[in-house]
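Please read this briefing with the sequence and the structure side by side, and look up each residue as it is named.

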Amino acid sequence: MIIVPEREIAGLVTREDSFDAVEKVFASMASGGAYNFPVIRESIGYADALYGFKSGFDRAGLNLGLKSGGYWPGNADKGLTNHQSTVFLFDADTGQCRAVVGGNVLTALRTAAASAVSIKHLAPKNSKILGMIGAGHQSAFQVRAAVEQREFEKIIGWNLHPEYLVNLETVAREVGLPFEVVELDQLGDESDVIITITSSFDPILMDSHVTGGTHIACMGTDTVGKQEVDAALVARATVFTDEIAQSISLGECQHAVANGRKLEMEITQIGSVINGKHAGRSTDDEVTLFDGTGVGLQDLAVAAAVVDLAVGKGVALDVDF
């Protein structure tokens, strides 16, 4: 069995590797070659933690396995990231455990890759301003991945706790773009692309905030009850997602579907756009929304790429099991 420790991940897999793996698995899902198993995600009643499993099988890549982990909100005070996870890959022919891969950096990379895939296929072609809602650990990954998909000229941001916006200012400087702190109405009015990456249980971005042609990537809602975007905005937008079943049950669309403002049949897998089965954005004035719920197949695809890279570079640990 191969072990790839967490400490090795950042030096192995690039944003391009992650993007390619996620784009391919979204396409495979839409064509019926890959499917996710039901998600388990529960509050454990200790340390305010959420813990669960995401798993699936991709017949094209023969990636079978699961990601185990969750969210520990007190970890920042301990010098740890709040999200903690590990990916287990199994041999599809025998069922034997093939690899164990550190999942923390991998999760951040695959989440950012998913929003970047949505920007590539759905954002206005002449997008110039990137709006960021959320300034936590994941936000830096989101910015770095997003700016590779369009010729952005400026980044603007909002966060519930403004003192953390320095994180966005720092990464904006790293990618060579000016950064401005704004209120939500200005962010919604000026942004061509908006990424929401929070752990909110109440809507932040409202329907009235967003004007003109915009692409919104909602990347924080992955649990029943969470919500980053007003249900009226979801209802108005042309909605795409990684997986429809998760979108309507635990993703951003759960609220709009529950109150009857959005129908399940009005939500499209982004893989259908990648495969050329759906046109994606139809007009410059359209509001498109990607509900990135985070599927296990994303983790398996990137983890499989990590294993290949680790073996090739001689940093994988091979143990008897």
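The model is predicted. Its protein chain is assigned two domains: domain 1 covers residues 2-107 together with 297-318, while domain 2 covers residues 122-294. The centres of domain 1 and domain 2, taken over C-alpha atoms, are 23 Å apart, and the contact draws on 17 residues from domain 1 and 23 residues from domain 2.

**The area between the domains**

- The size of an interface is often given as the accessible area lost when the parts come together.
- Between domain 1 and domain 2 the buried area comes to about 1600 Å², and carbon and sulfur atoms give 57% of that area.
- Arg 15, Phe 26 and Arg 41 supply 30% of the area that domain 1 buries against domain 2, which is more than any other three residues supply.

**Polar links and the side of domain 1**

- Two salt bridges are counted between domain 1 and domain 2, and the count of residue pairs in polar contact between these domains is six.
- On the side of domain 1 that touches domain 2, helix H2 (15-31) and strand S4 (50-58) each supply at least two residues, and H2 gives the most, with eight residues.
- Sorted by class, that side of domain 1 has eight nonpolar, five polar and four charged residues.

**A network of salt bridges**

- Side chains of opposite charge can pair when their charged atoms come close.
- Asp 222 and Arg 41 meet through their side chains in a salt bridge, with an N to O distance of 3.8 Å.
- Asp 222 also forms a salt bridge with Lys 226, where the closest N and O atoms are 3.1 Å apart, and both Asp 222 and Lys 226 are buried.
- Through shared partners, salt bridges join Arg 41, Asp 222 and Lys 226 into one network.

**Other salt bridges in the structure**

- The whole structure holds 13 salt bridges, and one of them links Arg 110 with Asp 299, whose closest N and O atoms are 2.8 Å apart.
- Because Arg 110 lies in helix H3 (residues 104-122) and Asp 299 in helix H11 (residues 296-313), this pair ties together parts that are 189 residues apart in sequence.
- Arg 110 is buried, with a relative accessible area of 5%, and Asp 299 is buried as well, with a value of 0%.
- Glu 169 and Arg 173 form a salt bridge at 3.9 Å, N to O, and these two residues are separated by about one helical turn because they are four residues apart in helix H5 (residues 166-174).
- Glu 169 is partly exposed, with a relative accessible area of 37%, whereas Arg 173, at 56%, counts as exposed.

Notes: Residues are numbered from 1 along each chain as its sequence is written. This is a predicted model: local features need pLDDT of at least 70, side-chain atom pairs count only at pLDDT 80 or more; totals for chains, interfaces and linings use all residues. Side-chain values use heavy atoms; hydrogens and water are left out. Domain bounds come from an automatic or database domain assignment. Contact means heavy atoms within 4.5 Å. Buried area is the accessible area (1.4 Å probe) that two parts lose on being put together, summed over both. A salt bridge is a side-chain nitrogen of Lys or Arg within 4 Å of a carboxyl oxygen of Asp or Glu. A polar contact is a pair of N or O atoms within 3.5 Å; within protein, one must be able to donate a hydrogen and the other to accept it, and residues adjacent in sequence count only if both atoms are side-chain atoms. Ala, Val, Leu, Ile, Met, Phe, Trp, Tyr, Cys and Pro count as nonpolar, Asp, Glu, Lys and Arg as charged, and the others, Gly among them, as polar. Buried means under 20% relative accessible area, exposed over 50%, partly exposed in between (1.4 Å probe, protein chains only).
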